[in-house]
Amino acid sequence: DLSAGALVRANVMAQKIFELRDVERFSEIVQLLESLQGTDIVLDSFEFSRTADALAPVIVTGEAATRQSLADFRDALLSQKNISVVVLPISNLAKDKEIKFSISITFKKEG
């Protein structure tokens with residue numbers, strides 16, 4: 001009886017580990033975002049979480065030198081094959097220079 005319960009728990013843990021290999025690592029996402037930021041974008045923070053079976057939208061905050069550099073960053077994000085949605089609130093575009101921003105990025109579910 002004890003060994004049957006232990007085997008069931010071990011099997012459940014092994015299944016979870018197997019499923020996690022298809023979920024992107026946070027470090028890979030940070031590396032991607034930093035590679036797209038360019039010289040006029042400074043990324044300050046990243047907010048990550050997971051749902052039961054996927055990565056929840058990632059919230060990125062930072063500062064853009066100009067409105068155009070922020071728009072270019074958004075366009076670079078949207079051009080990535082693993083990103084489905086980028087939400088940049090219009091209020092982030094109110095200023096012309098030194099723009100504090102917060103972007104929500106939804107990654108496509110792998111599978």
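What do the buried residues of H2 pack against? I started my notebook with that one, and the reply is E1, E2, H3, E3 and E4. For contact I took heavy atoms within 4.5 Å.

**Ground rules**

I am working with a predicted model, where local features need pLDDT of at least 70, side-chain atom pairs count only at pLDDT 80 or more, and totals for chains, interfaces and linings use all residues. Residues are numbered from 1 along each chain as its sequence is written, and side-chain values use heavy atoms, with hydrogens and water left out. My helices (H or I, at least four residues) and strands (E, at least two) are DSSP runs numbered from the N terminus.

**Entry: the sheet**

I looked up the strand order and found an open sheet of four strands, E1-E2-E4-E3, with antiparallel pairing. I noted that the edge strands, E1 (41-47) and E3 (83-87), each pair on one side only. Two strands count as paired if DSSP finds at least two bridges between them. As a reminder to myself, strands of a sheet pair through backbone hydrogen bonds, either parallel or antiparallel. The twist averages 25° from one strand to the next.

How many bridges join E2 to E4? I found eight, between residues 58-66 of E2 and residues 97-107 of E4, and the two strands run antiparallel. To get my bearings there, I noted that threonine 66 stands opposite lysine 97 in E4.

**Entry: two helices on the sheet**

Next came H2 (residues 26-36), which packs on the sheet and touches E1, E2, E3 and E4. The direction of H2 makes about 160° with that of E1. Helix H3 (residues 67-78) also packs on the sheet, touching E1, E2, E3 and E4, and its direction makes about 10° with that of E4. For these angles, axes are lines fitted to C-alpha atoms, for helices over the stretch in contact, and angles run from 0 to 180 degrees between N-to-C directions.

Which residues of H2 are buried? I listed Ile29, Val30, Leu32, Leu33 and Leu36. Seen down the axis of H2, these buried residues fall within an arc of 160°, so they line one face of the helix. The arc is that of the directions from the helix axis to the C-beta atoms. On the face turned away from the buried side I found the exposed residues Ser27, Gln31 and Ser35. Here buried means under 20% relative accessible area, exposed over 50%, and partly exposed in between (1.4 Å probe, protein chains only). After H2 comes glycine 38, whose phi is positive, near 70°.

**Entry: salt bridges**

I found three salt bridges in the structure, each a side-chain nitrogen of Lys or Arg within 4 Å of a carboxyl oxygen of Asp or Glu.

- Lysine 100 meets glutamate 63 at 3.1 Å, N to O. Lysine 100 lies in E4 and glutamate 63 in E2, so the pair ties together parts that are 37 residues apart in sequence. Lysine 100 is exposed at 57%, and glutamate 63 is partly exposed at 26%.
- Arginine 67 pairs with aspartate 96, with the closest N and O atoms 2.5 Å apart. Arginine 67 is in H3 and aspartate 96 in the loop between E3 and E4, 29 residues apart. I have arginine 67 as partly exposed at 34% and aspartate 96 as partly exposed at 49%.
- Arginine 74 pairs with aspartate 75, with the closest N and O atoms 3.4 Å apart. Arginine 74 is partly exposed at 24%, and aspartate 75 is partly exposed at 40%.
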